[in-house]
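Please keep the sequence and the coordinates at hand while reading.

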Amino acid sequence: MLFRSEALGAEVDGHKATVASLRQATHAADSANRTKIAFLSGMSHELRTPLHAISGAVQAIQETPLDTEQQRYANIAAGASTTMQSLIDEVLDIARFEGGDASVSSPESFDLHRLLEGLRVPQSATPSSAPWASPLDITHDVPRTVLVDQRRLEIVMNNMVGAAV
């Protein structure tokens, strides 16, 4: 009988050690997660300042007389800064969500055809890159209006086009 009691005691001690180890690992993971969230939030805010300056400068340039090629480049830069702003917002949303302080955006009615037509703008503004001139054939079964989180859909679609080009 003593042998069973010792075995049971050893098993309980093993479980206690496992529970203590799991608590320690959970504490370390929570601490690392808080550090990651603080980093993402801080970095996102640091990126906004220069991005706002870039966006403002591009907008000012767009309000000046430009030839067709200059206007195309200015539009590419404006679109890229808008996409970058969306990505930064997405990082902030993730940090807020992981920190328990976020709400998921409610889907809104959105003109899908407008987004698809806007994808014709090339991802690259280098002079050697030709604009994406292929006509976009939006078939009749693609709805004009969809109920969606517009910002997230734009990010996904721009990433898909960027990967394809």
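## Surface and overall make-up

Accessible areas here come from the Shrake-Rupley method with a 1.4 Å probe. On that basis the chain exposes about 11700 Å², of which carbon and sulfur atoms supply 61%. The model is a predicted one, and buried residues make up 19% of the 165 residues in the chain.

The chain has four helices and two strands, and from the N terminus on these elements follow the order α-α-β-α-β-α. Where contacts in the chain join residues at least 6 apart in sequence, 80% of them link residues at least 24 apart.

Helix α2 covers residues 68-98 and includes I88. Is I88 buried or exposed? I88 counts as buried because its relative accessibility is 5%, and the cut-off for that class is under 20%.

Which residues does I88 contact, once its neighbours within four places in sequence are left aside? They are S44, L47, R48 and L51.

## A nonpolar patch on the surface

L47, which is in contact with I88, also belongs to a nonpolar surface patch that it forms with F39 and M43. Together the three residues of this patch have about 290 Å² of accessible area.

F39 lies in helix α1, which spans residues 2-62. With a relative accessibility of 51%, F39 counts as exposed, since that class requires a value over 50%.

## The largest nonpolar core

In soluble globular proteins, nonpolar side chains tend to be buried together. In this chain, the largest nonpolar core consists of seven residues, namely F110, L112, L115, L116, V148, L153 and M157. Helices α3 (112-118) and α4 (150-164) each supply at least two residues of this core, and α3 gives the most to it, with three residues.

What does F110, one of the core residues, touch when residues up to four places away in sequence are not counted? Its contacts include the core members L115, V148 and L153. F110 also touches R144, T145, V146, Q150 and E154.

How values were computed:
Residues numbered from 1 in each chain as written. Predicted model: local features only at pLDDT ≥ 70, side-chain atom pairs only at ≥ 80, totals over all residues. Heavy atoms only, no water. Buried < 20%, exposed > 50% of the residue type's maximum accessible area, 1.4 Å probe, protein only. Contact = heavy atoms within 4.5 Å. Patch = residues over 30% accessible without salt bridge, like charges linked within 9 Å, V, L, I, M, F, W, Y side chains within 5 Å. Salt bridge = Lys/Arg side-chain N within 4 Å of Asp/Glu carboxyl O. Core = buried A, V, L, I, M, F, W, Y, C linked by side-chain atoms within 4.5 Å.
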